[in-house]
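Biologist: I am new to reading protein models. Could you walk me through one?

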Amino acid sequence: MPNLLGGNRKDTFAFFTGGTLTGAIDGASGQNTLRVESTAHTFAINSDQITGVVTGLLTGFSNIRTLDGGTGTSQLNCSAAFTDWELTGADNSGKIKSST
């Protein structure tokens, strides 16, 4: 499947073990979630704070509000332009604030 486009409500895009997408995801409007289950991956967020990639899974995403790393090993890389993050989960939860 080349690309996925969400609607104007809450959308969840989920990738399970072995799942990939040759294109990109655009969540469109709404509170959208990108969930990656049971695989090691890296979320790379661009400085515009609404676009990024997930290494090995898809070429890009936009208009995603929540990233869910699932049970696999997750890494989050982002630009220094970000100011606040909220991390939730059993092992790594809390808030990260920019030092600037």
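Biologist: What does the protein chain average in pLDDT?

Modeller: Here is the general idea. Where pLDDT is low, the predicted coordinates should not be read in detail. In this case the protein chain averages a pLDDT of 78, and 75% of the residues score at least 70.

Biologist: Where is confidence lowest, and where is it highest?

Modeller: Strand 11 (residues 94-97) has the lowest confidence, with a mean of 59, while strand 1 (residues 4-5) has the highest, at 93.

Biologist: Now to charged side chains. How many salt bridges does a search of the whole structure find?

Modeller: In general, side chains of opposite charge can pair when their charged atoms come close. Searching the whole structure turns up two salt bridges. In one, arginine 35 pairs with glutamate 37, and their closest N and O atoms are 3.9 Å apart. Arginine 35 is partly exposed, with a relative accessible area of 28%.

Biologist: Which side chain meets aspartate 68 in a salt bridge?

Modeller: That of arginine 35, at 3.0 Å from N to O. Aspartate 68 lies in strand 8 (residues 66-68) and arginine 35 in strand 4 (residues 33-36), so this pair ties together parts 33 residues apart in sequence. Aspartate 68 is partly exposed, its relative accessible area being 26%.

Biologist: Which residues do salt bridges that share partners join into one network?

Modeller: Arg35, Glu37 and Asp68 are the residues joined in that network.

Conventions:
Residues numbered from 1 in each chain as written. Predicted model: local features only at pLDDT ≥ 70, side-chain atom pairs only at ≥ 80, totals over all residues. Heavy atoms only, no water. pLDDT = per-residue confidence, 0-100. Helix = DSSP H or I, 4+ residues; strand = E, 2+ residues; numbered from the N terminus. Salt bridge = Lys/Arg side-chain N within 4 Å of Asp/Glu carboxyl O. Buried < 20%, exposed > 50% of the residue type's maximum accessible area, 1.4 Å probe, protein only.
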